[in-house]
Amino acid sequence: MNSLEKKERRKILFKKLKSEKILYLMLLPTIIYFIVFRVFPIFNMRLAFYKYNSRSPWTFVGLKYFRMIVSSPDFLQILKNTLVISFMKYILLFPAFPIFAILLNELRSSETRKLVQVISYLPHFLSWIVIAGIWISMLSVNGGVNEILHIFGLEKSIDFMTSKDWIKWVLYFCEGWRSLGWDSIIYFTAIIAINPSLYEAAEIDGASRWQIIKNIIYPALVIPMVTMFILNLGFFLNAGFDQVLNFSNDAVLSSIDILDTYIYRIGIQSGQYSLATAVSLIKGVVGVFLVLFTHFTSKKFTGKGVW
Amino acid sequence: MKLKKILNPKQLLLTLLLLFIALTMIVPLLNILALSLSSPESSVSMSGIRVIPKNLDFINYRIVFNHPVLMRSVFNSIYITVIGTLINISLTCLAAYALTRPNLTLKKPIMVFLIIMMLFDPGLVPEYLVVQDLGLMGSRWSVILITSVNVYYLVIMMRYFEGVPKDIIEAGTLDGLSHVNMLTKIIVPLSSAGIATITMFYSVIRWNEYFKASIYILNQKDTVLQVILRQFVVLGDTVSLIGQQNVFNYNDFARVDYNALKAATIIVAIIPILVIYPVVLKFYTKDALAGSIKE
């Protein structure tokens, strides 16, 4: 292509951009927002390799903070907690959502179903502070849960919130309590989108309810399940910061301390900016890797990526 | 026929199971409500699964609504929620409109930029330092501005805008409508369900926000309800609230049961959620609530 043609093309492009000026003006606040609150912080991540000075320029220290992290005994425990909590939430809750949707769909009485739906969607909208407040009270020694256990013959009260054995199960349960209804919506809408003629054909063939669930309903849930599974994998190292922060106390901190609460404690509360940034950087890199991994795996299996 | 349906043992078992799940979700909430509405003498020994108030008494709400720190934090929460949601929804609508125009030249690079921004989290301290450098530390604007646009909601808004019938947009273009008029007179009114849904999602996030407020708003007089609630209910810091005792009625204060007072504060934080919850049910979960076609 000769240079004249190139020039002509550029002129056309420029003209087009000029005619779209007002549209870019509409995008400008959003772009500025992301540059200021996302791109600038990304530049600040170089702090992981520098010693922080508030007045003078930061001094380069190389991998010092990464060595500190690797040699710290806390870090291994925290990484282990993060992985265990995240993994268990996956294992316990991921199947619960489609099962709840199937059970709702099996209910014949639409009034009862609506009642269960309206109640179960609500906890999703409560803040973790409110949820923590409610369950700290329910799970206390004199709380409702212990009362019910007494009815079933348990004599000694369990202090769930301060027990290292129980606190993780409290986290899993409360996560489920909050998200069971809301996160099952995607599966429930997939079920009601099933073509009714499939059911009719099955009824004519004399299929049992179980066979209908296995051969008609379950296949309709596979795609949303794969989508949700890979979408969540990218956030694997998060493990639920807001929940853990509000459910932890001195008695159980060591067994539920996760990467994000650690970053918060050393970074903001004790002002070790560089060390906290180094942990964030490790977490960010692993996160990007997980997102890319899920994107390409998803493309391969479902033909649909994250973007 | 109907009776036969209900008496079917499998259906009965299923109904009981689902009602049990619903009960575990609603009983803790109703218990907190009942606790907050009981007189302190009864609430101290009230059962943790009771859902009806014992000796109805509004003392806890009297204290909450007369408490200067709590009330100021409620107003701060309302202020941040209203201004913040307005910013959220304006920026999201503007960007969604521009990005859904056919053949926008730079659409692809801008979308890639936004998705990278959504997926990559630079972490707490790098963001903290930016807020510091901008001089926003301690200002309520830090919390308002730091969550101005959510890419996920922007993408959902784009789907709603794409649902506006093409021929209406073409007619508007033929009439020589400017982009601003097209957005405000055609797209926004025709996507009202979508805008209601996204506004509601944004406002819930705003109202429930506590973490950024707790690190960026330094002065107690500027902080939000969730932060105070956290101090009081989660961290069990009753001192900062008792410190205000001279301002409320001495008799009320001597009687108070802290757990019931905590319950009342929790209820105050839930009320706005309950107000907008019907909007969610009406617009977002409409299809799910309508149930399957087979009936």
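**Notebook: helices of chain B, domains of chain A**

I listed the buried residues of H14(B) (buried: under 20% relative accessible area, with exposed over 50% and partly exposed in between, 1.4 Å probe, protein chains only): Leu225(B), Gln226(B), Val227(B), Ile228(B), Leu229(B), Arg230(B), Phe232(B), Val233(B) and Val234(B). Helices here are DSSP runs of H or I, at least four residues, numbered from the N terminus.

This is a predicted model, with local features needing pLDDT of at least 70, side-chain atom pairs counting only at pLDDT 80 or more, and totals for chains, interfaces and linings using all residues. Residues are numbered from 1 along each chain as its sequence is written, chains are lettered from A and ligands numbered from 1 in the order written, and side-chain values use heavy atoms without hydrogens or water.

I noted that 9 of the 10 residues of H14(B), residues 225–234, are buried, so the helix is largely enclosed by the rest of the structure. After H14(B) I found Gly236(B), with a positive phi near 65°.

Next I looked up H2(B) (residues 9–36) and H17(B) (residues 258–284): their axes come within 8 Å and cross at roughly 120°.

For the contact (heavy atoms within 4.5 Å), I recorded Leu29(B), Ile32(B), Leu33(B), Leu35(B) and Ser36(B) in H2(B) against residues of H17(B) including Asn259(B), Ala260(B) and Ile270(B).

In chain A I read domain 1 as 1–41 and domain 2 as 73–302, bounds that come from an automatic or database assignment. Their C-alpha centres lie 42 Å apart.

Notes: Helices (H or I, at least four residues) and strands (E, at least two) are DSSP runs, numbered from the N terminus. Axes are lines fitted to C-alpha atoms, for helices over the stretch in contact, and angles run from 0 to 180 degrees between N-to-C directions.
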